[in-house]
Amino acid sequence: MEVLYLITSFLPDELYTDDRGMKLAQVCTRWREVALGSRNLWSVISCTQNPPLMQQCLDLSYPTPLVMSIHSGCWTKSARRRMDRVYLAISAIPRSRVLDIDSNDKIITDAISSCMLTTSMPYLERLEMAYAGPTILPKIRPVNLPKLSS
């Protein structure tokens with residue numbers, strides 16, 4: 001069991017999918033125990049996840065810094081589910097190590113920008129932002145981003 005835990009702790013972010021932890025947890029009881037205790041398995045958050053799964057990933061990964069992807073192309077037609085995803089994503093921005101934002105929705109872009117203006121992001125190492133639309137990018141004070149490298 002310790003070997004499996006070590007293996008999961010060294011997997012690069014690129015190998016993860018939205019359901020990586022779930023797949024491992026379904027193999028057997030022992031693997032489930034390891035998966036539920038491996039915070040890094042749950043630390044890649046995508047807005048393609050449904051809100052209950054996003055929340056479960058946030059809870060199981062706490063306090064591990066996150067790799068988070070917020071793309072407007074993943075929003076559903078349901079305004080409620082879309083806003084649930086937005087609120088969960090915004091609540092997790094302070095824990096982000098990698099933040100990838102690609103949005104053409106002004107409401108979402110403004111909400112995320114406001115959060116970034118007022119929130120310290122001590123773990124942020126990489127920030128990728130692509131906006132399509134008439135939105136002014138926020139001026140992010142370097143004091144809020146002590147680890148930002150790109």
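Buried means under 20% relative accessible area, exposed means over 50%, and partly exposed lies in between (1.4 Å probe, protein chains only). The model is predicted: local features need pLDDT of at least 70, side-chain atom pairs count only at pLDDT 80 or more, and totals for chains, interfaces and linings use all residues. Residues are numbered from 1 along each chain as its sequence is written, and side-chain values use heavy atoms, with hydrogens and water left out.

**View 1. Helix α4 has a buried side and an exposed side**. Helices (H or I, at least four residues) and strands (E, at least two) are DSSP runs, numbered from the N terminus. In α4, P51, L53, M54, C57, L58 and S61 are buried. They sit on the same side of α4 because they cover an arc of only 165 degrees around the axis. That arc is taken from the directions from the helix axis to the C-beta atoms. P52 and D59 are exposed on the other side of α4.

View 2. P63 belongs to the loop between α4 and β2. Most peptide bonds are trans.

**View 3. Strand β2 pairs with β1 and with β3**. Two strands pair if DSSP finds at least two bridges between them. β1 (residues 44–46) and β2 run parallel, joined by three bridges. V44 stands opposite V67 in β2. Six bridges join β2 to β3, and these strands also run parallel. Here M68 has L99 in β3 as its bridge partner.

**View 4. The largest nonpolar core has 28 residues**. Such a core is a set of buried Ala, Val, Leu, Ile, Met, Phe, Trp, Tyr and Cys residues joined through side-chain atoms within 4.5 Å. M68, I93, L99 and I112 have the most contacts inside it. Elements giving two or more residues include α4 (51–61), β2 (66–71) and α5 (79–92). The largest share, five residues, comes from α5. Leaving aside residues up to four places away in sequence, L99 touches M68, I70, I93, M116, L124, R126, L127 and E128. Contact means heavy atoms within 4.5 Å.

**View 5. V3 lies in helix α1 (residues 2–9)**. V3 counts as exposed because its relative accessibility is 60%. The C-alpha atoms of V3 and V34 are separated by 9.9 Å. These two residues are 31 residues apart along the chain.
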